[in-house]
Amino acid sequence: RRPPPRVIGRTVPLAAAILGGLLLCRLGTRHFSPAVGAAAALLFTLAPLTLQAVHHDATLVVGAFLLLLAFDLLARDRPRLTAASIVLGLGVLVRTEMTLALFGLSMLAGGTGAVTLVLGMAMVASAWWWHNWSATGSPLFSLSTYLLAGYSERSPGISVLRDFSL
């Protein structure tokens, strides 16, 4: 007997890629023209890295979708700061590196909007940050950022996961 197909494991990243493309189309159309929106959506959705991420690393596509959604919520005539901060916090839970997006999105949000973004994101992600800090000593720990150290000449490949003395 063959095992049942992994429908959820493939559906979520595929849906995130399609929804991300739709968001890009909407943003491009709203700020430039329908042709720019369609081109941006096609370039994102059919990009080799997106297609690879759909099959191998769902967090990349889901993180990209959440980043696009936060940007869309902020780039409106009446920005939705609270919703954007919650979406950004969820993005941080998916991809720790999303914390860096806070700087760019804060410029888009402006003065007090930046404070709302920081507080909302911190409220959503603080429990996970506390857990990481108590378990690893770093609130922003994730295996993907940890592997970045492993892809160097000093410790090639995934040696950082094999030798904890590094």
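**Exercise 1.** Which helices do the buried residues of α7 pack against?

*Solution.* This is a predicted model: local features need pLDDT of at least 70, side-chain atom pairs count only at pLDDT 80 or more, and totals for chains, interfaces and linings use all residues. Residues are numbered from 1 along each chain as its sequence is written, and side-chain values use heavy atoms, with hydrogens and water left out.

Step 1. Locate α7: residues 111-136. Helices are DSSP runs (H or I, at least four residues), numbered from the N terminus.
Step 2. List buried residues (under 20% relative accessible area, 1.4 Å probe, protein chains only). Among them are Gly 113, Leu 117, Met 121 and Trp 129.
Step 3. Find their partners. The buried residues of α7 pack against α4 (58-74), α5 (81-94) and α6 (101-109). Contact means heavy atoms within 4.5 Å.

**Exercise 2.** Classify the aromatic pair in the structure.

*Solution.* Step 1. Apply the rule: ring centres of Phe, Tyr or Trp (its six-membered ring) lie within 6.5 Å; planes under 30 degrees apart are stacked, over 60 edge-to-face, the rest tilted.
Step 1. The structure holds one such pair. Trp 130 and Trp 133 sit 5.4 Å centre to centre, with 80 degrees between the planes, so the pair is edge-to-face.
Step 2. Trp 130 and Trp 133 are three residues apart in α7, so about one helical turn separates them.

**Exercise 3.** Is Ala 101 buried or exposed?

*Solution.* Step 1. Ala 101 lies in α6.
Step 1. Its relative accessible area is 19%, so Ala 101 is buried.
Step 2. Ala 101 touches Leu 67 and Leu 88, not counting residues up to four places away in sequence.

Terms used
The bend at a residue is the angle between axes fitted to the seven residues ending there and the seven starting there. Helices (H or I, at least four residues) and strands (E, at least two) are DSSP runs, numbered from the N terminus. Buried means under 20% relative accessible area, exposed over 50%, partly exposed in between (1.4 Å probe, protein chains only).
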